[in-house]
Amino acid sequence: RNFWNKPVSFTLGSKTHTCMTELSRSFGNELAPGQEGTIVIQYDPAQRGAFGLVRDNLYYETNDSIEARKIVRYSVNIQEDFSTMSAKDLKKAAAATYSETEHEFGNVQKNATANAEIKITNTGKSPLLIRNVQTGSGYYKASSNMTEVPVGGEAVVTINFKASSRASKQESTVDVITNDPNNPVQVIKVSAMVVE
């Protein structure tokens, strides 16, 4: 909506990824004073080539004298679609078994680091693909030593905790996203007590 007393020009600017496309808008290149318009954006997760929570921005350039660049922020949780798999396919699929789904780091000194390893065993009948490993807090970082785990093989997810400079309990999650149709997103709870 244009709350200004003169027309506002609206031009599509840059975007953080090509998976976003403007399909249509209910107005031309500008909004008249008091006019409200709609822009339809298509977000193509297949083109994004990622799994889990992703954040992208779309920018519009305007003649607004206060804030010329308008930012449209997107948070998208991209998941794999297993709905077309038959019962036979499901029996032959990968299966992830985790050594633990909750890890307590215990007491960690301020500004110190602590590490943990979670083992993932492929107990299925097809290669296990680790699509992504994401953490819910900046105090935690996590990564896997491999992206494809053979049948009977084992991957290791390393979780690193960097304590803050203030004593407090730091809880978060680590999401491991795989092609296991029965458990595509395993949430691992992590916590640490930052002490003096």
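**Reading a predicted model**

Guide: In this predicted model, N111 is partly exposed, with a relative accessible area of 47%.

Visitor: Why is N111 called partly exposed?

Guide: Its relative accessible area is 47%. Buried means under 20% and exposed means over 50%, so N111 falls in between and is called partly exposed.

Visitor: Where is N111 found, and what is its phi?

Guide: N111 is found in the loop between β8 and β9. Its phi is positive, about 65 degrees, although N111 is not a glycine. Most residues other than glycine have a negative phi.

Visitor: What makes P7 partly exposed?

Guide: The relative accessible area of P7 is 35%. P7 is found in the segment before β1 (8-15).

Visitor: Which residues is P7 in contact with, leaving aside its neighbours within four places in sequence?

Guide: They are N2, E30, L31, A32, P33 and N63. As for C19, 12 residues along the chain from P7, the C-alpha atoms of the two are separated by 30 Å.

Visitor: What makes a set of residues a nonpolar core?

Guide: The residues must be buried, of nonpolar kinds such as Phe, Ile and Val, and joined through side-chain atoms within 4.5 Å. The largest such core here has 26 residues, and F105, I120, I159, F161 and V174 have the most contacts inside it. Among the elements that give two or more residues to this core are β8 (102-109), β9 (113-122), β13 (154-162) and β14 (168-178). Apart from it lies another core of 13 residues, including V8, F27, Y60 and I78.

Visitor: Which residues is F161 in contact with, leaving aside its neighbours within four places in sequence?

Guide: Among them are F105, V108, Y139, Y140, A192 and V194.

Visitor: How many residues of the protein chain are buried, as a percentage?

Guide: Buried residues make up 34% of the 196 residues. The protein chain exposes about 11300 Å², and carbon and sulfur atoms supply 47% of that area.

Visitor: How many positive and negative side chains are there?

Guide: There are 21 positive and 21 negative side chains, and the centres of the two sets lie 2 Å apart.

Methods:
Residues numbered from 1 in each chain as written. Predicted model: local features only at pLDDT ≥ 70, side-chain atom pairs only at ≥ 80, totals over all residues. Heavy atoms only, no water. Buried < 20%, exposed > 50% of the residue type's maximum accessible area, 1.4 Å probe, protein only. Helix = DSSP H or I, 4+ residues; strand = E, 2+ residues; numbered from the N terminus. Contact = heavy atoms within 4.5 Å. Areas by Shrake-Rupley, 256 points an atom, 1.4 Å probe, with all protein chains shown as cover. Lys, Arg positive; Asp, Glu negative; His and termini not counted. Charge placed at Lys NZ, Arg CZ, Asp CG, Glu CD.
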